[in-house]
Amino acid sequence: MATFCIIDDKYIPMYRIMWISAVPHFCGSPDCQHEGDYEIRLEHGESVWASQTERDQTLTALEAWENEPGLEDEELE
Ligand SMILES: [Zn+2]
């Protein structure tokens, strides 16, 4: 079962993902390295940056992961 997804050449544990941007990043800064990338926010205020393809793959992977039965640290009655 997949617990990691690859974003920006890093294996990211899916349980660390807080949110995923719906729109490409734009801040207008000339130094910005992430114009047009999608921000994926992790715990502790960290972010990784994904291309649109990576973001879509991440969303798909997250959905599949959350729908997986038998979450170990959750005791459902
Ligand atoms: Zn920026």
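H44 lies in the loop between β4 and β5. Strands (E, at least two residues) and helices (H or I, at least four) are DSSP runs, numbered from the N terminus. The model is a predicted one, in which local features need pLDDT of at least 70 and side-chain atom pairs count only at pLDDT 80 or more, while totals for chains, interfaces and linings use all residues. Residue numbers start from 1 along each chain as its sequence is written.

**Overall content**

Of its 77 residues, 14% count as buried. A residue is buried if 20 or more other C-beta atoms lie within 10 Å of its own, exposed if 12 or fewer, and partly exposed in between, with C-beta atoms placed from the backbone. Contacts are pairs of residues whose C-beta atoms, placed from the backbone, lie within 7 Å. Among contacts between residues at least 6 apart in sequence, 41% join residues at least 24 apart.

**Positive phi angles**

H44 is not a glycine, yet its phi is positive, at about 65 degrees. This residue belongs to the hairpin of β4 and β5, which has four residues between the strands. H44 counts as exposed because it has 7 C-beta neighbours inside 10 Å. D8, also a residue other than glycine, has a positive phi near 55 degrees. D8 sits in the loop between β1 and β2 (10-13) and counts as partly exposed, with 14 C-beta neighbours inside 10 Å.

**The sheet**

Three strands form an open sheet in the order β3-β4-β5, with antiparallel pairing. β3 (17-20) and β5 (47-50) are at the edges with a single partner strand each, so one side of each has no neighbour in the sheet. Neighbouring strands of this sheet are turned by 25 degrees against each other on average, direction ignored; the axes are lines fitted to C-alpha atoms, for helices over the stretch in contact, and angles run from 0 to 180 degrees between N-to-C directions. Two strands pair if DSSP finds at least two bridges between them. β4 (residues 38-42) is joined to β5 by four bridges, and β3 pairs with β4 over three bridges. Residues that stand opposite one another are listed below.

| Residue | Opposite residue |
|---|---|
| R41 | S47 in β5 |
| I40 | V48 in β5 |

**The core**

Which residues make up the largest nonpolar core? The eight are C5, I7, I12, I17, Y38, I40, V48 and A50. Such a core is a set of buried Ala, Val, Leu, Ile, Met, Phe, Trp, Tyr and Cys residues joined through C-beta atoms within 7 Å. At least two residues of this core come from each of β1 (4-7), β4 and β5. I12, one of the core residues, is in contact with F4, C5, I7, I17, L42 and V48, leaving aside its neighbours within four places in sequence.

**The helix**

A61 is placed in helix α1 (residues 52-66). With 19 other C-beta atoms within 10 Å, A61 is partly exposed. The C-alpha atoms of A61 and C5 are separated by 7.1 Å, although these residues are 56 residues apart along the chain. C5 is one of the eight residues of the largest nonpolar core.

How values were computed:
Two residues are in contact if their C-beta atoms, placed from the backbone, lie within 7 Å.
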